[in-house]
Amino acid sequence: MQTENLILEGRKAVLEALNHEKPIDRILLRRDKDKPLEGTLRLIAAKARERRLVVQEVDRAKLDATSETGHHQGVIALCPAIPYATIPEILEIAKSRGEAPFVIVLDGVTDPHNLGAVIRSAEAGGAHGVIIPKRRAVGLTGTVAKTSAGAISHMAVARVGNITRTLEELKSAGLWIAAADMDGESLYKADLKGPIALVFGAEGEGISRLVKEAADFTVSIPMMGQMSSLNVSVAAGILIYEVVRARTIL
């Protein structure tokens with residue numbers, strides 16, 4: 001099982017981790033001189049001490065030096081390595097819920113804000129997992145965790161060596177592969193019911209040729225203005241909820 005160190009930053013992300021009893025080694029809290037902790041920071045400190053976690057009250061300079069995002073909101077949780085899920089584990093999540101598998105595949109997304117936003121949309125839309133490549137792509141960093149607004153605590157993320165081979169594995173498990181591509185069929189005409197994997201490409205470059213060839217079909221988002229494309233996280237949100245619509249419409 002592959003792992004990557006993680007720093008959780010921001011009040012919502014840390015509180016989500018505490019509420020769901022995620023492993024945390026230590027919590028750093030900003031403590032202004034001669035002032036008691038208030039609001040969410042006080043709640044975080046109380047929950048952490050209930051779990052007998054180490055809580056250190058530090059000055060802002062210490063938090064700024066530790067922060068990866070620059071937006072820690074007065075709290076940072078130092079976590080042990082987060083395990084990546086496997087493809088079978090993601091499929092088992094779908095089976096345990098009695099649902100057709102719904103997976104998001106990212107072909108080379110490098111911006112941690114985009115990855116975090118996609119994970120947030122995927123979790124909100126009921127996806128069972130997100131798959132990312134090992135190389136030339138961002139992993140589960142503190143920025144990803146913060147941008148996901150806590151969704152990272154609820155979403156299985158697999159990291160694979162070869163996206164094309166992974167799509168073949170998903171096909172063998174019965175999933176249809178739909179790749180987002182500007183030349184594809186309109187998402188309003190595409191059949192997005194049943195077991196499905198949505199594939200999104202890298203920022204600016206789109207999906208690679210081999211990945212596109214491995215897809216069963218391609219889908220596009222109609223562009224009504226002068227712009228020819230959308231940010232990958234926005235495109236993912238639109239298509240994820242088109243799958244939700246297809247699954248919930250009577």
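Helix H4 (residues 87-97) and helix H7 (residues 163-172) pack with their axes 11 Å apart and at an angle of about 35°; axes are lines fitted to C-alpha atoms over the stretch in contact, and angles run from 0 to 180 degrees between N-to-C directions. Helices here are DSSP runs of H or I with at least four residues, and strands are E runs of at least two, numbered from the N terminus. The model is predicted, so local features need pLDDT of at least 70 and side-chain atom pairs count only at pLDDT 80 or more, while totals for chains, interfaces and linings use all residues. Residues are numbered from 1 along each chain as its sequence is written, and side-chain values use heavy atoms, without hydrogens and water.

At the meeting of the two helices, Ile 87, Pro 88 and Leu 91 of H4 contact Thr 166, Glu 169 and Leu 170 of H7, contact meaning heavy atoms within 4.5 Å.

A look around H4 itself shows Ile 87, Ile 90 and Ala 94 buried, that is, under 20% relative accessible area, with exposed meaning over 50%. These buried residues line one face of H4, because they fall within an arc of 70° seen down its axis, the arc being that of the directions from the helix axis to the C-beta atoms. Their cover includes strand E5 (102-107), strand E6 (129-133), strand E7 (157-160) and H7. On the other side of H4, Pro 88, Lys 95 and Ser 96 are exposed.

Within H7 lies Leu 167, buried at a relative accessible area of 0%. Beyond its neighbours within four places in sequence, Leu 167 touches Val 105, Ile 177, Val 199, Val 211 and Ala 214.

Definitions and conventions: Buried means under 20% relative accessible area, exposed over 50%, partly exposed in between (1.4 Å probe, protein chains only).
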